[in-house]
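Me: I am new to reading protein models and would like to learn how to go through one feature by feature. Could we work through an example together?

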Amino acid sequence: MTGPERYNLQVSASQGKDVLLADLEEAAFRVTGVPPEGQRIIFKGKQLSDSQRPLFAYGVKSGSKLMVMGNKNSLQKDPRYIEMEAVEESVGKVEVKQNQINQELEGIEQGYLDNSLVQEALQKLQKRLASCHEEFVKLLETLDSLSLGDGPPALRTKRKGTVQRIQKYLDVNDTMKSRISEQKLKAR
């Protein structure tokens, strides 16, 4: 590989018999510290982009010279990544609120609250829970509005993971909503 520094790499297949671009990316990461999502690997003037494609399909042979360009922190500087980090932080804050509601609901379910106060407490929990639901939906909309275009695959992976996390919390939110309704019926 060429660049400010030169390295001789021995790359072996991680799966199957063919060495994939992903194997080269991992080897380059171990040597340069540039994560695969921040790498641009160039061979004969063309960027290699499909991580699951065998190197031989690009014409790369033993002894071939490739160039790795990238920045160890390139992904963290991407504005879309920064926005996703902000969304993840917000998800964590809403999760804390929802967990507090769950603890209060468990207390009501276990009979720790005087019966004369249960209906009012459940009404307040229901409103707070609806607020959490609304915040989660807004965060999903924010993620959906991000244009990832030709960004690194790690951005898509990060967004997908965050969306799945929010969906899990929305499922919990729905379950808690049902539990509140059940407790309202019992308290009548």
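Reply: Gladly, and please keep in mind that this is a predicted model. Let us begin with a term that we shall need at once: contact here means heavy atoms within 4.5 Å. Angles between elements are taken between their N-to-C directions, using lines fitted to C-alpha atoms.

Me: Which strands does helix α1 lie across, and at what angle does the helix run to β1?

Reply: Helix α1, made of residues 21-32, lies across β1, β2 and β3, and its direction makes an angle of about 115° with β1.

Me: In what order do the three strands of the open sheet come?

Reply: The order is β2-β1-β3, and the pairing is antiparallel. The edge strands are β2 (46-48) and β3 (67-70), each of which pairs on one side only. From one strand to the next, the twist averages 40°.

Me: How many bridges join β1 to β3, and how many join β1 to β2?

Reply: Strands count as paired if at least two bridges are found between them. Strand β1, residues 39-43, is joined to β3 by four bridges, and three bridges join β1 to β2. You can follow some of them residue by residue: Arg-40 has Met-69 as its bridge partner in β3, Gln-39 has Gly-70 as its partner in that strand, and Ile-41 is partnered by Leu-48 in β2.

Me: Is β1 mostly covered or mostly open?

Reply: A residue is called buried when its relative accessible area is under 20%, and exposed when that value is over 50%. By this reading β1 is mostly covered, with four of its five residues buried.

Me: How are α3, α4 and α5 arranged, if I read them in pairs?

Reply: Helix α3 (residues 79-109) and α4 cross at roughly 160°, and their axes come within 10 Å, so α3 is roughly antiparallel to α4. Helix α4 (residues 115-145) packs against helix α5 (residues 153-187) at an angle of about 160°, with the axes 10 Å apart, and α4 and α5 are therefore roughly antiparallel to each other. The crossing of α3 with α4 is left-handed, and the crossing of α4 and α5 is left-handed.

Me: Which residues does the UniProt annotation "coiled-coil region" cover, and how much of that stretch is helix?

Reply: An annotation may be inferred rather than shown by experiment, so read it beside the model. The unreviewed UniProt entry gives a "coiled-coil region" over residues 115-142. In the model, the chain over residues 115-142 is 100% helix and 0% strand, with the end C-alpha atoms 41 Å apart.

Notes: Residues numbered from 1 in each chain as written. Predicted model: local features only at pLDDT ≥ 70, side-chain atom pairs only at ≥ 80, totals over all residues. Heavy atoms only, no water. Helix = DSSP H or I, 4+ residues; strand = E, 2+ residues; numbered from the N terminus. Axes fitted to C-alpha atoms, helices over the stretch in contact; angles between N-to-C directions. Parallel < 35°, antiparallel > 145°, perpendicular 65-115°, else oblique. Left-handed = near helix turned anticlockwise from the far one by under 90°. Buried < 20%, exposed > 50% of the residue type's maximum accessible area, 1.4 Å probe, protein only.
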